Structures are given as C-alpha cells and as structure tokens.
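This briefing is meant to be read beside the sequence and the model.

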Amino acid sequence: MIITKNVERQFSDAMRTIARRGDLKAYVEQTPTIYQILQRAAAKYVTGEDRQDGLEAGRKLADKGYAISLEYIGENTTDIQDCEHATLELTLLIHALAECGIPARVSFDLSHIGLSIDDELAYKNLTVMAALARQADVELFVSMEESTKTDAILSIYSRASVAYANIGITLQSHLNRTAQDLNDLGRIPRRIRIVKGAYQEPEQQAIPRSSALNERYIQLIEQAVRKGHRLSIATHDESIINEVMKRGWIHNPGVEFELLYGIRPDLCSQLKKAGYPVRIYLTYGREWYLYLCHRIAEYPPNVFQAIIDMMDAGTADPVHNYE
Ligand code: FAD
C-alpha cells in the first residue's frame, strides 16, 4: 500500500482518538506488561515518572546552554484530591528549581489543577502557584487545551495575570479565533507561546496542517511582535523557523524558539550553535499515555521508532542527542 497524505491524516486522527479513549488508557495503566512496553516508547519524549527525572534532564540541558520548560504531565483531572496533588507537585517543582538554581519555566494544563471540576478551583490553584513562583523567580506557563476550554482558560489566565505578571499563556494558531484572542490580550507586554495546536477540532473552528496554517502562524508572530510581547515560537517546522530568522524577529528581546524534548534534537543543536535562543520543553510523570499518542499523531513515522523502542530494553538517554 502506498502511504498517501490522506492515509497519514487518517492515521493521525485515529491516534488522536486513541489518545482520548479513557478505557484504553485505563487498560494500559492496569496492565503492567503493556504499561512497561509502552513506557519504553514514551521515554523518547518523557524524562521519567519522577520530578527528579525531569530535573536531572533539565540540569544537563541547561548545562549545555539551553533554556528549559518543565511540565508535570496531566490533564482532565476530575477528582479534587488529584487536582490538589497536582498543584502540590507543581509547587514542589517550583521550589526544587529555585533550590538548584536552574532558570526554568513551569508549564501545566489548567485542567490538571481544577478546571475539569470548577473554574474557581483552577483559578485558586493557579494563583497559589503564581505567588510562590514569583518569590522563587520562576515563570509559569499555562498550556492551551481543546477549544471547548479556550474561553475558560483565557478568562482564568487574564484574571490571574493582572496580579501575576510571571504567568504566560499558550495560543494555538490552528484555531480561527486566535488572532482575535491575541488582540483581546491588549497592549500590556505578556509572555506568549504560539503553537500550531495538538487537538482534533471541529472543521468550522480550526484549519489543518497546511501552508495556510503556516502563513497564519507567521501572521500571529508578527502581530505579537508588533505588540512587544515576549514570544516563544514553539514549533519544529523548519519553514516557520527559517522565516522567523529571515525576518529578524528572533533577535527581538524575549523572542526564542521552543521545541519539545526528544523531537529534532539535531535542529535544536544547530539553532543553538548558530547563537539563537532555544528552550527545550521537558515532561515527567505517569500520565504519559496521551502525550505519547500526540507525538505519534503529529509525525506518523514516529510509530516505527516507538515499536523499535518498545522491543529494546536499553536505556538510551535522549539528552545525549543534544549538542
Ligand atoms: P507540524 O506541522 O506538526 O510538524 C512540522 C514538522 O516538524 C514535521 O514535518 C516534522 O518534521 C517535525 N515534527 C513535528 N512533530 C514531530 C514529532 N512529534 N516527532 C518528530 N518530528 C516532528 N499544543 C497544544 O495544543 N497546546 C499546548 O499548550 C501546546 N504546548 C506546546 C509547547 C511546546 C513547547 C511545543 C513545541 C508544542 C506544544 N504543543 C501544544 C504542540 C503543538 O501544538 C504541535 O502539535 C506540535 O508542536 C507539532 O507541531 P509543529 O509546529 O512542530 O508542526
């Protein structure tokens, strides 16, 4: 069978559906053999289960000259105790980063710390973390989730950012609403991360991977740069990265490239060697199932590597691939 773009797109959609199947996730988590095998594939993108794993990999990358982001993975948490546990874990991460002196950013989903239960719970937990992070001189970054949550996420972020300028927000260029959302953030300089968007969305609300999406991404960067926002250009797409370098935006204060741990370390090394600011986004935790599915959905050839990794008990450290 010839693998056409259409088959690739169907595969990606299927992987995103698998990512959302709570029953499959539960089966994986409750079946030790499957869990361990799939975890080997996840190790390419997730540093490990514990905070210490994230910190160690982060320290090594920081020593090599990269800025880092760290995420304790999790989302759509519907149990209040689990939300409090996630908030506690993130505060411990903030403390640990301050203690070991790694200048880092802590990223998270609001639905991990309360949004799936109540907006006020997410707001409360966000502001508790923001106060602590401000003292520790750590930056917080709110991730963007499915479009059904965009209004709530932007509203909670906007409220919290009035008092806490150390919080940044992620915007998804694939959503049709994003130029307006960026505009609505006003003229105060903020910390903004622009991504393409990882979730499957209704076609009336978003556009798929295409040159039109890349053009829109560039327009959003331009819009953000004009407003003087500090900007993380979070993509592995070389055509966007090249355009940003060509237009000189990467030399603006606070503008950087940000790439996911384990993806295109060659490109990260090349950008860093050329003197550009590069941040690596690392993750840790047990909730890697959805994260792994998304990384395969975004780039279907990753399924080959995932199967090779599943059958290889070796522990290759992805940090070595960064120069
Ligand atoms: P694509 O068009 O998907 O890929 C362009 C090229 O990059 C591909 O052809 C391939 O060469 C390479 N590539 C892309 N993905 C992979 C991969 N998995 N493995 C190997 N090569 C790959 N999404 C959200 O919805 N919400 C968020 O809050 C969010 N936060 C993010 C934070 C960071 C720092 C980054 C980098 C991404 C984040 N994402 C988030 C994911 C993002 O939306 C995209 O799904 C992801 O970055 C892949 O898109 P791309 O821009 O690289 O472009």
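The side chain of Ser-269 reaches the backbone oxygen of Pro-265 at 2.7 Å, a polar contact in the sense of a pair of N or O atoms within 3.5 Å, where within protein one atom must be able to donate a hydrogen and the other to accept it, and residues adjacent in sequence count only if both atoms are side-chain atoms. This is a predicted model, in which local features need pLDDT of at least 70 and side-chain atom pairs count only at pLDDT 80 or more, while totals for chains, interfaces and linings use all residues. Residues are numbered from 1 along each chain as its sequence is written, and side-chain values use heavy atoms, with hydrogens and water left out.

**Ser-269 and helix α11**

- Ser-269 is placed in helix α11, residues 265–273, where helices (H or I, at least four residues) and strands (E, at least two) are DSSP runs numbered from the N terminus.
- A polar atom of the Ser-269 side chain also lies 3.0 Å from the backbone nitrogen of Glu-323.
- Ser-269 has a relative accessible area of 4% and is therefore buried, the term meaning under 20% relative accessible area, with exposed over 50% and partly exposed in between (1.4 Å probe, protein chains only).
- Not counting residues up to four places away in sequence, Ser-269 touches Tyr-66, Asn-321, Tyr-322 and Glu-323, contact being heavy atoms within 4.5 Å.
- The buried residues of α11 are Pro-265, Leu-267, Cys-268, Ser-269 and Leu-271, and they pack against α10 (238–246), β7 and β8 (278–284).
- Following α11 comes Gly-275, which has a positive phi near 95°.

**Two buried strand residues**

- Ser-107, in strand β2 (residues 104–108), counts as buried because its relative accessibility is 0%.
- The side chains of Ser-107 and Arg-193 make a polar contact at 3.0 Å, and the residues that Ser-107 touches beyond four places in sequence include Leu-70, Tyr-72, Phe-141 and Tyr-281.
- Ile-194 lies in strand β5 and, at 2% relative accessibility, counts as buried.
- Leaving aside neighbours within four places in sequence, Ile-194 is in contact with residues including Leu-171, Tyr-217, Ile-221 and Ile-233.
- Ile-194 and Met-144 are 50 residues apart in sequence, yet 9.8 Å apart in space from C-alpha to C-alpha.

**The ligand site**

- Of the 23 residues around the ligand, those that come nearest are Lys-196, Gly-197, Thr-235, Glu-298 and Asn-302, a residue being near if one of its heavy atoms lies within 4 Å.
- Nitrogen atoms of the ligand lie 2.7 Å from a backbone N or O atom of Met-144 and 2.7 Å from a polar side-chain atom of Asn-302, whereas an oxygen atom of the ligand lies 2.9 Å from a polar side-chain atom of Gln-172.
- Taken alone the ligand exposes 920 Å², of which the protein buries 88%, with areas from the Shrake-Rupley method and a 1.4 Å probe.
- Two or more residues of the shell come from each of β4 (167–172), β5 (191–195), β7 (255–260) and α12 (289–298).

**Nonpolar cores**

- The largest nonpolar core has 69 residues, and Phe-108, Leu-126, Leu-140 and Ile-221 have the most contacts inside it; such a core is a set of buried Ala, Val, Leu, Ile, Met, Phe, Trp, Tyr and Cys residues joined through side-chain atoms within 4.5 Å.
- Apart from this core lies another, of 23 residues, among them Ala-19, Tyr-35, Val-46 and Ile-263.
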